[in-house]
Amino acid sequence: MTLQQLHYAIVISESGSMNKAAEVLYIAQPSLTSAIKELEKETSITIFNRSGKGVTLTADGVEFISYARQVYQQYEILQEKYTHNLKKKFGVSAQHYSFAVQAFVEMVKQFDTCEYEFAVRETKTSEVIQDVVTMKSEIGILYLSDFNRQTMTRIFQMQSLEFHPLIECGIYAYLSKEHPLAKNESVTFEELKEFPCLTFEQGDKSSFYFAEEIFSTNDYARVIKACDRSTMLNLMKGLNGYTFCSGIICDDLNGSDYIAVPIAEDNSIMEIGYITKKNVILSDMGEVYIEELKNYLAQN
């Protein structure tokens, strides 16, 4: 088993086609097919299902690619540290936090984008976890609370992930400044009841434990789901909707038309942090990104 074979398998899994992967890798398709057959023979598993529509990962293949990504990314980190002939990659996956994107912006400014390939993914909670498990992203940003901590910690342990705390914060209602409750010093659940509660869609793997909104088990008369932060902000303005947040607002990205109002008589705490694979050394970009996160959170 060689690093080249691992790289081939990873590219195929991402492209879903032997022909497309061969184009990306600049090798002949028969050579690529032969290399994968040798890899499957050596590992005694079938990594890919082949069909006229392309290739898909088998159950064994999903697990194999997860390990392959981890090994290959560590190889890339070694190359980054000791050689300078390849474009270096760095990715972050996060729940919908504007501060996570702002820290990413500040990190990217410190590197030459001609030499690096960067990716930031605001996505579902389950995908944040899976992206880090498969090493698609080096770092994942999410939160823990009294409600989800036990379940999420168990998932982290099963997937060989580590959670690193960044900040603890109270819970706020996130509103448009034009919202009827925006000028209140605090708001109650009863006051919010007549307005739509906005939540981020979690897809097929939806679970109360994966919800980005901390009060996911409350009974809301009006609920609207959204898939991205921009849509969420538009719904706040257009429908006087609200969601729950940490109170850490980035005006540079979201604009200055929104406000966070404390939830009255509630002592709930959310602990925001980041996850990484266990025993993985952060890249230079990863270390700078975490530093920028800490700097931003310390100032807000």
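Me: What is a cavity here, and what is its volume?

Reply: On a 1 Å grid over the protein atoms alone, a cavity is a set of points where a 1.4 Å probe fits but cannot get out. Points are joined across faces, edges and corners, and the volume is the space filled by probe spheres set on them. This is a predicted model: local features need pLDDT of at least 70, side-chain atom pairs count only at pLDDT 80 or more, and totals for chains, interfaces and linings use all residues. Residues are numbered from 1 along each chain as its sequence is written, and side-chain values use heavy atoms, without hydrogens and water. The structure holds 1 cavity of 30 Å³ or more. The largest cavity has about 290 Å³ of space.

Me: Which residues lie closest to the centre of the largest cavity?

Reply: Lining residues have an atom within 4 Å of a point. There are 21, and His96, Tyr97, Tyr174, Phe244 and Cys245 are the closest to the centre.

Me: Which helix gives the most to the lining?

Reply: Helices are DSSP runs of H or I, at least four residues, numbered from the N terminus. α9 gives the most, with 4 residues.

Me: How many disulfides does a search of the whole structure find?

Reply: A disulfide is a pair of cysteine sulfur atoms within 2.5 Å. The search finds 0. The sulfur of cysteine 245 is 8.5 Å from the closest cysteine sulfur, in cysteine 169, so the two are too far apart for a bond.

Me: Is cysteine 245 buried or exposed?

Reply: Buried means under 20% relative accessible area, exposed over 50%, partly exposed in between (1.4 Å probe, protein chains only). Cysteine 245 is buried, at 14%. Cysteine 227 is exposed, at 55%.

Technical notes. 1 Å grid on protein atoms, 1.4 Å probe; cavity = no way out; pocket = protein on both sides within 12 Å on 5 of 7 lines; lining within 4 Å. Helix = DSSP H or I, 4+ residues; strand = E, 2+ residues; numbered from the N terminus.
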